Amino acid sequence: MTTTDTPGTTADVPRARTAEAAGAPEAPLSAAGNPIGFGRMLRKEDARFLRGQGKYVDDVQLPGMLHGAVLRSPHAHARIVSIDTSAAEAHPKVRAVITGAVLETLNLAWMPTLSGDVQSVLCTDKVRFQGQEVAFVVADDHYSARDALELIDVEYAPLPAVVDARKALDPDAPLIRDDLEGRTDNKIYDWEAGDAAACDDVFSRADVVVTQDMVYPRVHPAPMETCGSVAHMDPVSGKLTIWTTTQAPHAHRTLYAIVAGLPEHKIQVISPDIGGGFGNKVGIYPGYVCSIVGSILTGKPVKWVEDRSENLMSTSFARDYHMHGEIAATREGKILGLRVNVLADHGAFNGVAQPTKYPAGFFHIFTGSYDYAAAHCNVTAVYSNKAPGGVAYACSFRITEAVYLVERMVDCLADELSMDPAALRMQNLLQPEQFPYTTPTGWEYDSGNYPAALTEAMRIAGYDELRAEQAALRADPDSTSMMGIGLSFFTEGVGAGPRKHMDILGLGMADGCDLRVHPTGKAVLRLSVQSQGQGHETTFAQIVAQELGIPPEDIEVVHGDTDNTPFGLGTYGSRSTPVSGAAAAVAARRVKDKSRIIAAASLECSPDDLEWDHGRWHVKGDPNQAKTIAEIAMLAHGTLELPDGMEGHLDAQVVYDPPELTYPFGAYISVVDVDKGTGAVKVRRFIAVDDCGPRINPMIVEGQVHGGLADGIGMALMEVIAFEEDGNNVGGSFLNYLLPTSMECPSYELGQTVTPSPHHPLGVKGVGESATVGSPAAIVNAVLDALQIRHADMPLTPAAVWRAQQGNPIRTDLAIV
Amino acid sequence: MQVPAPFDYERATSVDHVLTLLAERPGDARIVAGGHSLLPMMKLRLAQPEMLIDINDLTDLDYIRVDGDEIAIGAMTRHAGLLSSALLGEHYRIFRDAERVIADPIVRNRGTIGGSLCQADPSEDLSAVASALRATVVIQSATGRRTVDARDFHQGPYETAVGDAEMLVEVRVPIRPGAGSAYEKVERRAGDWAVASAGAFVQLDGDTIKDVGLGLTAVGAPHFTCVEAEEALRGQAASAENVAAAAQLCHDACQPQADQRGPEDYKRHLARELSRRVLTTSIARARGEQS
């Protein structure tokens, strides 16, 4: 069941395909050589992407289109004394200058966030983070718009800033949200999960309690394409069309209706090709709203595309969780309880995107993959003078933070007990017979075989040999490097979510899907989710191919256009395949059921006498008496007399409400070498065994895992947005916000186990965020294993490693002074 | 997209043309070669020159050749040319060591030695190489050429000895037969600016250090070097103890500043660790013990 792979060879489709067939029947091949169903195939969308023919928001060109640019605050916290726009307005190519005062007249100066807070579109009273939007210039071209920004004269009265989240609740901390009536401090909420009393009881009786503070620093998804929009309010039809970088086009349309008071049926949101999202493109940013207002005011289409620094400084960041963990266990290593206190830095506005019931996202899945007597967490969220956001960067609604916490705590416990971290994990993992398993904080895991995944990862790694090599190296006084082996075991909850539990701003998280088979047997599948690089045009075609026997190249996947797709909440939280994938499968099955009845009518037999065989219905015992799905499609659109009550045509419309979340899991092992003299870390190997249920297209799954592992290396070793004391953001460009390159990433070694979800129509669980969630802890654990140190915070730059060795760790969330 | 403020642009056809254009716009014009430092600064509007003089057509400044007892390197020689030069590889491995860790292949295909030195970034790798080798820099003006020691070339962060109406045209490195040299850099990620780097050459007379040069970058080392360490080694045995003592002098003499690449104490530590390493490697190479 294992495939090992190196980057660059996954496209070698025919050779790779044979390696993983064990157990599952292979789909037959189409004339084009693609599997008519699940299996490896090159991505349908890649031809245009690889040739530079993708069409992104910035490629949209409309007649008469104007260009917008945002003036941003240089201060983290300052009252606006005055704004003089006269010089900018006098620029010969400037068509409009919009300020908060202009927006106030339209009641658009503030907008709701996805978490029930409000956020400034353009400042009216004061700026609350460096990079905040202050004014918007519309000009004939992009250069002139940028030039005109320098002509706007803003007088600021600087205020002391809240930069260190740990000081946000000090009695003398500056009040950030004085716009909110009655507010006297910077606390957003306290929220808890689990049983505090039971947890206290377990801890009081435990042999061993290990305590550790850790920071999951503020990081940024940094998609290759920054955020942007082209808004066109047609003065004739009164219809607003907005091409925009969104992972959730339908949610955006509804929100624009709410924010701007525009009639929803007169709004069309088009999300064209998207160059990466990772949660960065879920929310609505002030720039989008400003481009709409600009179009309304000028009567022309207005394009706004932010630059890299704007993206890093103002759009949705991720993490910024200050965590205090306590783990209780017996002397023999039986884990008993886990207790966590979190201080969550949400920035200046509470703008996280997550189901309403869960203000800390799914963080309370922090018990991870182990069995406990009790667990409890408290999350306190605070405002700070930093950009808003928090749920992004493939975090599975904060499961990234949760997995990092528990996987670090388990390693701390192993260190305390002088136990091997793999043995300690194996001793405490949930057992296959415990599923479905209800966690102490209320999650119901659907299925899993955790020991099998860990065993497989250890087999690929050659775990015992690695430990022997490490021991030999440690015994060698002349060695110049230190070797570390790190493990991480993760459980995710994805596919949000059941309508009874989950909504965003009141919008339930069920997804629509339309499937239509044309008379000639080709099909079109319309989805609400939106690919940002995940390969939806291929994966979803393969789902329909699997169910109906139509070759994937004959199935067009339509997405990213609210006028042409059914409603749904979009792509994030690894929800596309668990939710919309299920919708597509159910729609295909409805079409298949209908096709059986039509085939029976044509073959003049009972539907019960028919048997399905790879895209055709034939009479049981007589394979020659058959109708293919294409023949049936023509019959459905033709003159064949249909059974009473049956309408013509061959299509289905579905709204899928997931009964529960799905729970992918995996076991990761990394091997690192640390230079004794410089602290530089080299990731030598990374072994990732993922169980996401059956794999629709294993190549796409592996690509997702590869990308997530690179994310993990980045976060563990180099990515951070740190701030100076005055709130100056020092991570505002790629000069200091470092992303990993191929030079930092080893040739990944992937494996798999397959445990289907019992409640998903295809058994699939989702994989988009697994590697991002699971990998940082494995790398940090490996580095600390090399150093033989209990803890040090990410990112483990050479300097951070060296300082940790000196017993003088760097505070990674604040700029070095 | 980040876009620069408006500027004039001229594509120069000769060094004289450059000097004429510079004289016409004193202080307003900037020369652009590879553009990989200047253009990002312009796009961030940190630099707003009123005129750019593009010298990419001056291919006659792209050379590496022996000239008497020196190696002469034209100002328009790209990083990739320095990396692949057999002549430099034969005499000074330090160039190959350094160029392998400067930025990435795309930048190395465009960036030039002249541009790198004139940008005068306090973390520039080639500045440390030039300082280690005690190179000289040839500066041309309308009235003629003058030569400046590499160690006097940099007059502060982003400041050089090149005047408003002058242009760096050549870098010259003395040939030192039998010398071993090396360069080592610590970076947070491939292609990043140095957290700290050190370069060295060592010429041996038996087991005695006949001559030595040290270069340090990103650690606030005056003139990108540590003269005290060089003096301590010259004429002494090429021993691990002497190297360690010299490395300690580098630690003590540098004046690093804390930033996101690392705190001051770590950079100071690296000045010691990396200078020890490059001196050790240079000695081994001079002895023919290491390639």
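1. Let me start with a helix pair in chain A: H11(A) passes H12(A) in a left-handed crossing. Left-handed here says that the near helix is turned anticlockwise from the far one by less than a right angle, and right-handed that it is turned clockwise. The two helices, H11 (residues 421–428) and H12 (residues 450–461), pack at an angle of about 160 degrees with their axes 10 Å apart. That makes H11(A) roughly antiparallel to H12(A). Angles under 35 degrees count as roughly parallel, over 145 as roughly antiparallel, 65 to 115 as roughly perpendicular and the rest as oblique. The axes are lines fitted to C-alpha atoms, for helices over the stretch in contact, and angles run from 0 to 180 degrees between N-to-C directions. Helices (H or I, at least four residues) and strands (E, at least two) are DSSP runs, numbered from the N terminus.

2. A word on the basis of these notes: this is a predicted model, in which local features need pLDDT of at least 70 and side-chain atom pairs count only at pLDDT 80 or more, while totals for chains, interfaces and linings use all residues. Residues are numbered from 1 along each chain as its sequence is written, chains are lettered from A and ligands numbered from 1 in the order in which they are written, and side-chain values use heavy atoms, leaving out hydrogens and water.

3. Two further helix pairs deserve a look. In chain A, the axes of H10 (residues 399–417) and H18 (residues 770–787) come within 8 Å and cross at roughly 30 degrees, so H10(A) and H18(A) are roughly parallel; their crossing is right-handed. In chain B, the axes of H5 (residues 93–100) and H8 (residues 125–132) come within 10 Å and cross at roughly 170 degrees. H5(B) and H8(B) are therefore roughly antiparallel, and their crossing is right-handed.

4. Ala496(A) and Gly497(A) are joined by a cis peptide bond with omega about -25 degrees; Gly497(A) sits in the loop between strands S21 (481–491) and S22 (503–504). Another cis peptide bond, with omega about -5 degrees, links Met794(A) to Pro795(A), and Pro795(A) belongs to the loop between H18 and helix H19 (798–805). His649(A), though not a glycine, has a positive phi of about 70 degrees; its loop runs between helix H16 (629–637) and strand S30 (650–656).

5. How many cavities of 30 Å³ or more does the structure hold? There are seven. A cavity is a set of points, on a 1 Å grid over the protein atoms alone, where a 1.4 Å probe fits but cannot get out; lining residues have an atom within 4 Å of a point.

How values were computed:
1 Å grid on protein atoms, 1.4 Å probe; cavity = no way out; pocket = protein on both sides within 12 Å on 5 of 7 lines; lining within 4 Å. Points joined across faces, edges and corners; volume = space filled by probe spheres on them.
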